[in-house]
Amino acid sequence: MGKFLLRRFVNYLILVILAASMTYILAGEALNPRAQFQAKTPPPPKASVDASLKTINANPDTPILVRYKRWVGGLLHGDFGKEINGGSVGADMKRRILVSTRLLLIATVLGSGLGILIGAYSAIKQYKFSDRVITLTSFVLLSLPLIPLAIGLKLLAVKVNGWVGHRVLEYTGEYAPDSHGWGRFTSRLQHLILPTLTLVLGQVAFYSRYQRATMLDVMGNDFLRTAQAKGLRRRKALMKHGLRTAVLPLVVLIVYNVSLLFTGAIFTETIFAWHGMGEWSVNSIQQSDVNVVAAIGIFTSCLILIAGMLSDIVYVSLDPRVRV
Amino acid sequence: MTIADDRAGVVRPDADRETVLEVSHLEVTFPSEGGRVNAVRDVSYAVRSGEVLGIVGESGSGKSVSSLAVMGLLPVSARISGSVQLRGRELLGLGDKAMSRIRGKSIGMVFQDPLSALTPVYSIGAQIAEAVLTHRKVSKDDAHKRAIELLDLVGIPNAAQRAKAFPHEFSGGMRQRAVIAIAIANDPDLIIADEPTTALDVTIQAQVLEVLRTAQEVTGAAIIMITHDLGVVAGLADRVQVMYAGRIVESAPVNEIYYRPRMPYTMGLLGSIPRLDDKDRAALTPIEGNPPSLLRLPPGCPFAPRCPIAFDRCTEVEPALLPVGGEHHTSACHLAAQIESENLAVTDVFPEPEIPENPEVRIPRERRDEVLRLEGLVKEFPLMKGHVFKHRVGTVHAVDRIDIDMRSGETVALVGESGCGKTTTLLQILDLAKPQQGRIVVLGKDTAGMSKAERRSLRRDLQIVFQDPMASLDPRMPVGDILAEPLSAQGISGGRAREKISELLALVGLEPSHADRYPTEFSGGQRQRIGIARALALEPKLLVLDEPVSALDVSIQAGVINLLQELKGRLGLSYLFVAHDLSVVRHVADRIVVMYLGRVCETGTVNEVFDQPYHPYTQALMSAIPLPDPDREHSRRRIILEGDLPSPADPPSGCRFRTRCPRRVGLTPAEQEKCSAEEPQLLEVGDDHASACHYNSAASMV
Amino acid sequence: MTQPSENLVIDAEVESNDGGYRQAPDEGARRSRSRGRLIFRRFLRNRLAVVALILFIAMFAWSFIGPHFNATFKGDAHCTPAVTPGLPGYDHTCMWDYKQNDFSSFSDGPSSKHYFGTTQSGQDVYAQLLRGMQKSMVIGLLAAVMTTAIASVVGSAAAYFGGFVDRILMWFVDMLLVVPGFLIIAILSPLFQGSTWLLLVVLIAIFAWMVTARAIRSQTLSLREREYVSAARYMGVRPARIIARHVLPNIASYLIVDVTLNVGGAIITEVSLSYFGFGIQSPDVSLGTLLQAGQDKATTAWWLFAFCGGALTLIVLCVNFVGDGLRDAFDPGSATSRAR
């Protein structure tokens with residue numbers, strides 16, 4: 001199997017290199033960092049702008065291929081280049097990945113766990129009232145666009161805080177900067193509730209629909225009858241034989257999505273002012289920060305591929321049927 | 001090799017034996033859009049310990065539903081009434097908890113489809129051990145040991161090792177053995193086997209039936225054997241009951257059913273099955289029509305519309321199941337007494353249809369035109385493995401140097417188990433392309449040097465009928481359009497085409513007015529007739545039939561076989577008939593080609609080969625086909641092949657059959673050496689009869 | 001050999017009872033009716049989907065007709081509203097459009113003067129909302145059609161030609177899947193500032209077709225193996241005709257459903273891009289730019305967020321319900337077998 005993994009890996013590597021190069025070249029050509037400097041008040045002299053652009057390897061006057069070569073040279077030494085304000089892209093990325101992880105980990109665990117349970121329950125109760133309610137609700141939740149949902153939750157939080165009399169639900173940032181120790185912890189929790197809810201609703205809906213479908217597929221299978229015929233009670237047969245089989249494709253999907261978790265959540269992070277990867281990708285383009293954009297491009301491409309490979313490996317190791 | 005000459009030691013029914021299961025007045029209905037479906041109606045029967053009860057019926061007859069009702073495994077929407085008593089204890093109305101203590105302990109069950117009957121993500125051993133652990137307080141280790149014992153008992157070689165395997169690593173036959181192991185894990189009083197061999201090849205079917213016999217001997221359990229195949233129960237059952245439209249219509253000891261049937265439906269079934277031992281029967285006696293819908297059954301006998309001897313009373317009052325003639329024989333027919341007193345035979349009730357003969361058959365074979373010749377045909381496939389990480393692991397030698405020649409007016413049957421290469425051969429011919437190796441000559445034209453236009457015009461003369469009548473008709477097209485397709489492909493359209501379509505529908509016994517209906521509105525047999533009509537649209541000379549009747553119910557099958565026979569005579573067709581069912585082949589074919597792992601092992605005229613098979617594989621195949629005749633079934637010699645078909649990617653050296661060959665044990669080591677070293681060639685063993693075995697010897701297998 | 005399993009038949013009947021679809025075998029009374037009508041009838045049975053379809057059409061129509069039924073004001077010959085009321089020459093009866101500023105009304109709530117209120121800079125929210133809906137819906141519809149078109153061409157070509165073509169096309173699909181599409185469109189956004197919004201449609205489609213293409217490819221592959229397709233091939237029917245008669249009609253249902261569901265996705269992509277300023281550029285508006293402008297004031301001026309947020313949610317919901325209804329109508333079994 002190693003040989004096939006390797007071959008696939010090489011193929012992926014080529015894809016990543018192509019994708020990353022494309023991102024860099026497009027960003028380098030399309031974005032205009034000079035405008036960012038010139039927009040400062042008072043506008044700095046051209047020479048100093050040129051100098052700043054040169055230090056970050058983003059002077060539009062330098063041919064793109066020269067800049068690309070320099071950028072690749074840095075990459076080979078693990079250097080993602082400099083941000084438009086002179087900071088290190090790599091260092092910032094590390095920090096922001098952690099922020100995104102802190103936000104998304106809980107949401108993913110909650111979302112997938114609840115989703116599986118609700119989906120399986122719904123499948124077992126197929127066509128019953130509870131199943132219909134769950135199916136409809138998850139369909140509506142899945143169709144809800146994230147932006148109005150997040151903003152709506154924020155408005156709701158304002159109302160709730162108003163009724164309670166003090167700020168229970170926070171909606172800006174990760175924690176109150178002036179909090180310490182235990183207070184910092186509760187502050188984090190308060191800040192987590194809304195963005196987590198935003199993310200969880202959609203995830204629960206998605207996973208529960210998926211789980212319901214796979215579970216229904218499995219429930220039509222003869223092996224559940226065999227399990228009952230050997231004396232297992234219906235519930236146990238459904239859980240031990242049905243759910244165990246039906247959850248496989250979902251686990252694979254979750255592995256895929258968890259790997260992509262580090263790319264952040266663009267809308268949730270932006271709307272609730274979490275300084276994670278998602279927010280960074282938007283900011284960097286708005287600020288014409290070529291090196292950051294390119295770094296995000298590489299990072300995302302790599303993650304997509306790692307996610308693909310990881311989920312394949314998990315699939316193969318969990319499901320005896322596809323083992324080589 | 002196991003040769004079970006007789007069923008010595010098998011217990012005969014005995015009135016003193018204890019009743020294990022008593023079902024009385026069982027009724028099952030299901031909700032459906034059109035109202036409630038009466039799947040099982042007033043079914044009563046009893047099974048005594050050690051007895052084998054066969055329940056025979058076609059799909060939709062209620063045979064499986066009634067047994068699932070016994071197990072309490074019907075969906076919750078089913079409404080069940082009546083009584084089911086296991087050793088005097090009422091089972092109907094018991095909750096899931098109480099039933100789960102009975103299932104797997106007192107009653108074991110074997111299902112039809114072994115491929116999906118085991119949970120794919122647990123090992124075989126674990127699944128068998130689970131059955132033990134559910135009902136007994138034993139340690140996991142002991143349960144696992146017991147699982148290995150059981151696997152050994154059901155004939156899985158190397159049981160300790162194989163217990164760790166997952167279901168997908170087992171072949172269908174081995175999985176069915178594992179399911180039987182689960183069913184007998186707790187020494188049940190009753191084993192319900194629901195079509196346990198239907199999905200399996202004949203040689204594997206023989207193995208599994210043998211395992212069931214062993215299982216019964218070991219556990220002493222009563223067996224309820226549910227099947228559509230009258231042959232399967234003939235040698236196994238002590239008593240047989242026939243179900244039709246949710247009811248038992250006849251019930252009797254096994255000999256009575258086969259030799260003195262007293263219900264026209266049973267008679268029809270017996271008349272409609274082709275038999276391995278019927279040499280001279282001209283035509284089968286089909287039962288016209290289709291089984292009734294169980295929704296809103298009309299009054300009267302549900303079989304009346306298809307019954308040739310029905311009279312007024314039959315459509316007014318449904319006959320009760322009453323004793324007739326011999327001991328314990330009951331029949332639900334108003335005319336049962338008359339059938340009894342006049343001792344009517346099958347052919348008295350179902351007249352044998354006339355089948356026209358093709359005048360060509362009188363011309364000696366050598367003088368007839370050649371329609372198909374294969375010379376050293378080879379087809380290899382890359383063998384791929386892995387779903388996720390797909391890669392090539394070898395080469396499948398699907399067809400390996402085979403020769404066939406076929407003359408006009410002939411039916412040549414290509415026979416073998418699944419995986420023998422018969423379907424690949426057929427597709428190779430149909431592709432009309434240059435083969436990887438060898439030559440394909442269709443109607444005198446070599447496919448190798450053919451131009452596109454030649455190939456297209458040759459397609460007129462070469463048509464196919466597929467196995468699955470549902471899959472071979474585009475569900476989105478009305479029948480008229482389906483039949484018009486080949487016509488327009490060859491440039492016939494408009495009024496000429498419409499005329500032709502009406503002709504075709506009439507030819508296959510359908511109403512021309514049905515042209516605007518969709519395939520879903522037809523029954524399986526009717527759809528297969530449409531498939532035949534389509535194949536005939538261009539008036540071909542050679543028709544390739546890929547298992548054309550194996551997906552049909554027995555009573556329907558006979559009608560389609562007769563139609564094929566009739567068309568052949570009337571239109572002067574030649575058939576290349578691919579089948580696994582040797583009894584159908586005996587009935588329809590003139591010549592037979594037996595394939596094993598891509599090679600031809602025996603070929604010749606049907607009468608020669610069936611009367612005197614020389615190749616051990618042909619003999620095993622024939623012995624595996626059950627006869628709908630209890631006496632003969634008990635007295636015949638049974639050869640049971642061991643193991644499964646080896647992988648065609650890695651065939652055994654020398655003779656490909658040697659790994660399973662029953663003849664091999666009687667050979668000296670030197671002789672055996674020859675089998676592994678040298679590949680046997682086809683040798684003439686008789687008049688127009690050749691067999692590829694180093695140690696050819698004839699034996700009658702019927 | 002496959003002997004039809006009896007209990008399966010029964011199960012299917014039981015299930016289909018609840019699923020609302022059953023074809024009685026061989027019921028003489030059932031006249032053949034065209035497939036189209038059957039699908040239409042099945043769709044009509046799904047109330048939610050019908051309501052959603054009507055709502056969607058109504059909103060689409062309203063976004064074009066509605067602007068002509070806005071509140072009016074007195075303006076000059078170019079319909080410029082007066083900064084101070086009563087100026088001479090400002091006597092034309094004009095209708096508010098999405099660009100005009102009412103300098104006498106900033107951040108006012110809904111009233112007869114401005115049905116849905118005004119923004120901070122005095123723009124008419126009703127006119128802006130309709131303009132935004134129009135833009136978002138048109139872009140969504142066009143991008144969805146384009147997405148599915150690209151996908152079906154690439155997917156079916158890959159499956160039909162197979163071999164080398166297949167490998168190249170699928171490799172290309174893989175590559176586009178690896179590229180973060182949102183990022184690329186965002187990067188390119190400065191380029192199409194000032195150019196036509198149609199470019200946005202193309203970009204959205206370019207980064208959205210890959211998954212559909214894969215699905216179509218696998219469907220075509222399996223269709224090619226169907227027995228009735230083989231039958232047609234062995235009868236000498238030409239490949240183009242086989243595709244047209246046997247393959248396409250089978251994929252058509254999938255394509256129609258896919259277009260519908262892609263509309264929702266495309267609208268959301270457009271809105272997201274515009275929300276961050278990477279899509280529709282001022283002075284033009286879309287639901288995305290409106291959401292961006294309205295969100296901060298939402299606590300004090302609810303009308304700035306509620307209408308556009310509500311409209312977007314409603315549109316996407318409607319599209320999805322219609323798509324779901326269509327899928328059920330086309331393929332009654334699929335409702336349970338596919339999750340999306």
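**Sheet, helices and chain contacts in a predicted model**

The structure described here is a predicted model.

Strands of a sheet pair through backbone hydrogen bonds, and the pairing may be parallel or antiparallel. One pairing in chain B is that of strand E23 (residues 599-605) with strand E26 (residues 689-691), which is antiparallel and extends over three bridges. Within this region, B:Gly604 has B:His689 of E26(B) as its bridge partner.

Elsewhere in chain B, helix H21 (residues 616-624) contains B:Ala624. This residue, B:Ala624, counts as buried because 22 C-beta neighbours lie inside 10 Å, the cut-off being 20 or more. When neighbours within four places in sequence are left aside, the contacts of B:Ala624 are B:Val202, B:Thr203, B:Gln205 and B:Ala206. The separation in sequence between B:Ala624 and B:Ala206 is 418 residues, whereas their C-alpha atoms are 5.4 Å apart in space.

In chain C, helix H3 (residues 47-65) comprises 19 residues. From the first C-alpha to the last, H3(C) reaches 26 Å, which is close to the 27 Å expected at 1.5 Å a residue. The buried residues of H3(C) are C:Ala49, C:Ala52, C:Leu53, C:Phe56 and C:Ser63. Seen down the axis of H3(C), these buried residues fall within an arc of 100°, and therefore they line one face of the helix. An α-helix has 3.6 residues a turn, so residues three or four places apart point the same way. The other side of H3(C) carries the exposed residues C:Arg47, C:Ile54, C:Ile57, C:Ala58, C:Ala61 and C:Ile65.

Chain C also touches chain A: 37 residues of chain C are in contact with 39 residues of chain A. On the chain C side, at least two residues each are supplied by helix H5 (163-178), helix H6 (181-188), helix H10 (239-275), helix H11 (287-295), helix H12 (303-330) and helix H13 (334-337). The most is given by H12(C), with eight residues. By class, this side of chain C has 23 nonpolar, 10 polar and four charged residues.

The secondary structure of chain A consists of 13 helices and zero strands. The C-alpha trace of chain A spans about 85 × 65 × 35 Å along its principal axes. Of the 324 residues in chain A, 45% are buried. Among the contacts in chain A between residues at least 6 apart in sequence, 72% join residues at least 24 apart.

Technical notes:
Residues numbered from 1 in each chain as written. Chains lettered and ligands numbered in written order. Predicted model: local features only at pLDDT ≥ 70, side-chain atom pairs only at ≥ 80, totals over all residues. Helix = DSSP H or I, 4+ residues; strand = E, 2+ residues; numbered from the N terminus. Buried ≥ 20, exposed ≤ 12 C-beta atoms within 10 Å, placed from the backbone. Contact = placed C-beta atoms within 7 Å. Nonpolar A, V, L, I, M, F, W, Y, C, P; charged D, E, K, R; others polar. Pairing = 2+ DSSP bridges. Expected span 1.5 Å × (residues − 1). Arc of directions from axis to C-beta.
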